[in-house]
2 protein chains.
Amino acid sequence: MKRIAFLLVAVATVAGIVVSAAPTSGPANEEATAPIYGITIPPGYRDWKLIAMDQLLVPGKADQLRAQLGNDIAIKAFKEGKVPFPDGTMIAAIHWTRVPSEDNDKVLAGPFPGAQSFVVGSPVNVQFMVEDSEKYAATGGWGFADFTDGKPGDKALHEICFACHTPAKDRDYGFTHYAP
Amino acid sequence: MKRIAFLLVAVATVAGIVVSAAPTSGPANEEATAPIYGITIPPGYRDWKLIAMDQLLVPGKADQLRAQLGNDIAIKAFKEGKVPFPDGTMIAAIHWTRVPSEDNDKVLAGPFPGAQSFVVGSPVNVQFMVEDSEKYAATGGWGFADFTDGKPGDKALHEICFACHTPAKDRDYGFTHYAP
C-alpha cells in the first residue's frame, strides 16, 4: 500500500513537467515548505498564464488532465523560445483527475453521436519549478516542489525530481512546449 | 502633461477592456469579423487566465485538448460564482489536436510501464463568448464567434451557437466550471 501511494505521487511528479516555486525568505514554515529545495507555494500561481496542457494516463493508477502555468518571466521566455530560463522563472503544473461530463455529453449527443467530453474533476497535486541559477546550481538551476492539499511531499519524493527531468536537459529540464 | 498621460492610460484601459474584443466600431474588417455578432479576435486573449480545460472526443471526427481562458472580468465572476456574468465578460475557448508525446512516454516508461502522455498538437480553432446584455439581448446577453487560422466561420456555423448553449441556461449559457 505504501508502495502504491509512493508510485502515485511519483507519477504525478514525473509527468509533472518542470516545476517549482519561490525560494522562501524570512522565517520558514516547515510544514508548508518542500524539502531539499525550500520552496513554498507561490501566492497567486493559479492566476499565472497558460503555457500548455496535457493528459496523463497510467493504467490503473492515474488518469489526469493537467495544466502548466507560468509567471510573467516564464511566459516571456517561452514566447521567445530562449533557454536557459532566466532567474525568477516559476512554472506551476496543476494536476486534476479527468472525469467524464454527462452534462456535456447530453448536449453533444444530438449533433455528434458518440461524442465524449472529459473535464477536470478534483485536484490531485500541484508542482512547481523555480529557477535560481545560484541557489540550485547542483540541479541545473532548478528547484522543485510538490504539494498535495497544500502540503509538501516528502524528501524521498523530491529526491527524484531532478533525475526525472534530466532527459529534457537540452530544453533546460522542462518537458512542456508552449501551446500555439 | 501629467493629466494627458493619465487620460491616455485611461483611454487605453477602457478601450482594452470594453472595445478591443467585442463589437467593432468604425470601419469593420469584414474578413476578420464573425458574422451575426460582429466580433473580432480580442488582442491578447492568449494571455488571459485559465478557467478550466477539457478533452473532446468525437470518434473519427475530433480528438482535442481544450483550454478556456477568461479576461479579468470573467475570472472575477467565475471566482465569485456569480451569474449572470457582467457586461464586458469575455471567454476564449482554445482547441488543439491531442497527440501522443513519445518524448514524455520514454521518460515515463521506466518508472511507470504503460504510462501514456498526450499533449497539445496543432491549433484547431478558437471560440469566444462576449457578454453585452444590451447588444446581444436576443441571445441571452452573449455574442459568439468562431475562428480558424484567424478567419471567422460562416453564418450557418454562428447560427447554431446559441441553441447549443441553451441547455446551460441556468449557468448563464456557459458549460465550463472554474477548475479548483
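Guide: R171(A) and D103(B) form a salt bridge, with 3.9 Å between their closest N and O atoms; the term requires a side-chain nitrogen of Lys or Arg within 4 Å of a carboxyl oxygen of Asp or Glu. Between chain A and chain B the count is four salt bridges. The model is predicted, so local features need pLDDT of at least 70 and side-chain atom pairs pLDDT 80 or more, while totals for chains, interfaces and linings use all residues. Residues are numbered from 1 along each chain as written, chains are lettered from A in the order written, and side-chain values use heavy atoms, without hydrogens and water.

Chain A brings 46 residues to the contact and chain B 42, contact meaning heavy atoms within 4.5 Å. Together the chains bury about 3,700 Å², 62% of it on carbon and sulfur atoms; buried area is the accessible area (1.4 Å probe) that two parts lose on being put together, summed over both. In chain A, the residues losing the most area to chain B are R46(A), M53(A) and Q55(A), together 19% of what that side buries.

β4(A) is joined by four bridges to β1 of chain B (residues 49-58), and the two run antiparallel. F118(A) has Q55(B) in β1(B) as its bridge partner. Here strands are DSSP runs (E, at least two residues), numbered from the N terminus, and two strands pair if DSSP finds at least two bridges between them.
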